[in-house]
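Hello,

I am passing on the structure below.

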Amino acid sequence: MSATKMPSDAVKQITYLAAALKAPRILEAATRLAEQARDAGWTHEDYLAAVLEREVSARNASGAELRIRAAGFGSRKTLEDFDWDAQPAIRQQVGALASGGFLTEARNVVLLGPPGTGKTHLATALGIVAARHGQRVLFATATDWVTRLSDAHRHGQLPAELAKLRRYGLIIVDEVGYLPFEQDAANLFFQLVSSRYEHASLILTSNLPFSAWGGVFGDQAVAAAMIDRIVHHADVFTLKGASYRLRGRGIDSLPSVRTQEPAN
Ligand code: ADP
Ligand code: MG
């Protein structure tokens, strides 16, 4: 449309220059906004700013999208999707994390609570917040992290792996406590926590209170040292209530699913 109204030499040159800058949306925005700029009497500066703004915001969005896809989330869940009526007590504090300030301060987040209360949902949502704030994110279960660290250790690559992981602004460890760790695994996990301490953020979720982590890690001393580092700079949230998965099904809690077989 407007391309015809722009001097064609200039359009050709913009085409060439936008390609050289690897900024295809500059070309698109330059032609599309030119007519609007003439009609509305924008200054040259207004027009240039509007064109560059399109490129920058598209880059930010596609960067965030790439980081979200690379993070390995099980499913895409956001803070906007979360029904706060189910967890009113933590609404304000978790909502405040959306500013991303916890990432620049290398603070951690711990989400505790029974199954189905939204721990993985909120961990994922905060991961998406981080990706949108320009941080690289990795999401995996505790078991997967231990496998990854064990593999690195076996190949003599643990320090290199930990150094690589430190370049991620956020690492999410889902489901601490679903499976108990071997002693070796507990030590590897401790090294992950130590290497990020006061340097980059961790989010952990667990269905067990901290007091039960000694059993998970097979060693009270390792668990205590680890929890100490995790919570020193952390927001700890305890989610409450019945499983969101079972809402509206007349089932109050998970164990009753098994014991109330005939109930309808
Ligand atoms: P947990 O990790 O605590 O076991 P999840 O986060 O996996 O629980 O939640 C189970 C399911 O219920 C998911 O599909 C999640 O999106 C949904 N869910 C849980 N809590 C809420 C909530 N308050 N609002 C919206 N969806 C929720
Ligand atoms: Mg979960």
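Helix α6 lies across β1, β2, β3 and β4 (201-206), and runs at about 175 degrees to β3. Contact here asks for C-beta atoms, placed from the backbone, within 7 Å of each other. Axes are lines fitted to C-alpha atoms, for helices over the stretch in contact, and angles run from 0 to 180 degrees between N-to-C directions. Helices (H or I, at least four residues) and strands (E, at least two) are DSSP runs, numbered from the N terminus.

This is a predicted model: local features need pLDDT of at least 70, side-chain atom pairs count only at pLDDT 80 or more, and totals for chains, interfaces and linings use all residues. Residues are numbered from 1 along each chain as its sequence is written, while chains are lettered from A and ligands numbered from 1 in the order in which they are written.

The strands under discussion belong to an open sheet of five, in the order β2-β3-β4-β1-β5, with parallel pairing. At its edges stand β2 (137-141) and β5 (234-238); each has a single partner strand, so one side of each is left without a neighbour in the sheet. On average, neighbouring strands of this sheet are turned by 10 degrees against each other, direction ignored. Two strands pair if DSSP finds at least two bridges between them. Between β1 and β5 there are five bridges, in the parallel sense, and L112 stands opposite T238 in β5.

Next, the ligand. Around ligand 1 there are 17 residues, of which D83, G118, T120, H121 and Y244 come nearest; a residue is near if its C-beta atom, placed from the backbone, lies within 6 Å. Helix α6 (residues 119-132) gives the most to this shell, with three residues.

Most residues other than glycine have a negative phi. A106 is not a glycine, yet has a positive phi of about 55 degrees. A106 sits in the loop between α5 (101-104) and β1 (108-112). E175, in strand β3 (residues 170-176), also has a positive phi, near 65 degrees. A106 counts as partly exposed because it has 16 C-beta neighbours inside 10 Å, and E175 counts as partly exposed with 19. The cut-offs are 20 or more other C-beta atoms within 10 Å for buried and 12 or fewer for exposed, with partly exposed in between.

Lastly, the domain assignment gives domain 1 (2-69) and domain 2 (71-244), with C-alpha centres 40 Å apart. Such bounds come from an automatic or database domain assignment.

Regards

Key:
Two residues are in contact if their C-beta atoms, placed from the backbone, lie within 7 Å.
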